[in-house]
Amino acid sequence: MSSPFAIESTGLTKRYDDEVAVEGLDLAVRHGSVYGFLGPNGAGKTTTIRILTTLLRPTSGEASIDGVPITDRDAVRERIGYLPETPPLYPELTGREQLQYVAGLRDLPDEEATRRIDDLLHRFDLADDADKRVSTYSKGMKQKAGIIQAILHEPRVVFLDEPTSGLDPRAARTVREVISDLAAEDTTVFLSTHILPVVDELADTVGVLFNGDLVAEGPPQKLKQRAETGGERTLEDVFLEVTQESDLPTADATARTESR
Ligand SMILES: Nc1ncnc2c1ncn2[C@@H]1O[C@H](COP(=O)(O)OP(=O)(O)OP(=O)(O)O)[C@@H](O)[C@H]1O
């Protein structure tokens, strides 16, 4: 039977000289789920995503995407979409040309590419600006173009780094709806953001990275439950608790194995 996991890693580690950015990370993200990847600045989130998207080689450890080892870069890249913190766009192209270019790289048939580009431009309220150069776009417009190009080819697994960054409330809502729709269509979404309500709303599982290590993992509802009182705290409370400098293991870490 094929793996139930869209993203798997074992002992994933990345060192930069003496700095350990990611340390022994084990991930198992189910197909069609939304995984909220949280962590303070410098925790190692971007490094992890760059490894999983084959842009960076790990120092040690293994990972696979949709059952394909990340060492098989071409096969992994066919299966993924990635919105990095700064979307890679050519300023001299128009928005539409940029998306057509990406569709070409992804070998999307012309008719399907045109249909998907038009649909997504409308969905993100970018259709009226599609024939303007990217160099004239606002931050939010560039972000929308970046999101569209990450999902244009209907990848099996999408990595989104701060997808709502720079977006107005309407566009941010569209992004949340798109993430929900992707998961409903069995696409796996690996979502890194500091905006905790977005994670609370969308994520099936939340993982909190701290100093390169996963210090808590579980469904948001479970992480928020107070074992002692049966009451509830916010995801922000949980985040602050598990990302405090301390040598002691946190109670929340137990939620991790239970959720698997
Ligand atoms: N190219 C690099 N060379 C040296 N150290 C690096 C490099 N890239 C990242 N690091 C270090 O690795 C650690 C993790 O960085 P990373 O960018 O993965 O964090 P992050 O969780 O994405 O942070 P943020 O939320 O601020 O984006 C940090 O201590 C950072 O300084």
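This is a predicted model: local features need pLDDT of at least 70, side-chain atom pairs count only at pLDDT 80 or more; totals for chains, interfaces and linings use all residues.
**Ligand shell and a helix pair**

Okay, let's start at the ligand: H1 gives the largest share of the shell around it, three residues. Numbering runs from 1 along each chain as its sequence is written.

So who's around the ligand? You've got Tyr16, Glu19, Ala21, Gly39, Asn41, Gly42, Ala43, Gly44, Lys45, Thr46 and Thr47, each with its C-beta, placed from the backbone, within 6 Å. Strand E2 (19-30) and helix H1 (45-52) are the elements giving two or more residues.

Next, the helix pair. H3 (residues 95-105) and H5 (residues 139-151) pack at about 20 degrees, axes 10 Å apart, with axes fitted to C-alpha atoms over the stretch in contact and angles running from 0 to 180 degrees between N-to-C directions. That makes H3 roughly parallel to H5, the label for angles under 35 degrees. Gly95, Gln98, Leu99 and Val102 of H3 make the contact with Ala145, Ile148 and Gln149 of H5, contact being C-beta atoms, placed from the backbone, within 7 Å.

Last, confidence. Average pLDDT, the predictor's per-residue confidence from 0 to 100, is 91 for the chain, and 94% of the residues score at least 70. The predictor gives the complex an ipTM of 0.97 and a pTM of 0.92. Over residues 250-260, though, pLDDT stays under 50.

Technical notes:
Helices (H or I, at least four residues) and strands (E, at least two) are DSSP runs, numbered from the N terminus. Angles under 35 degrees count as roughly parallel, over 145 as roughly antiparallel, 65 to 115 as roughly perpendicular and the rest as oblique. Two residues are in contact if their C-beta atoms, placed from the backbone, lie within 7 Å.
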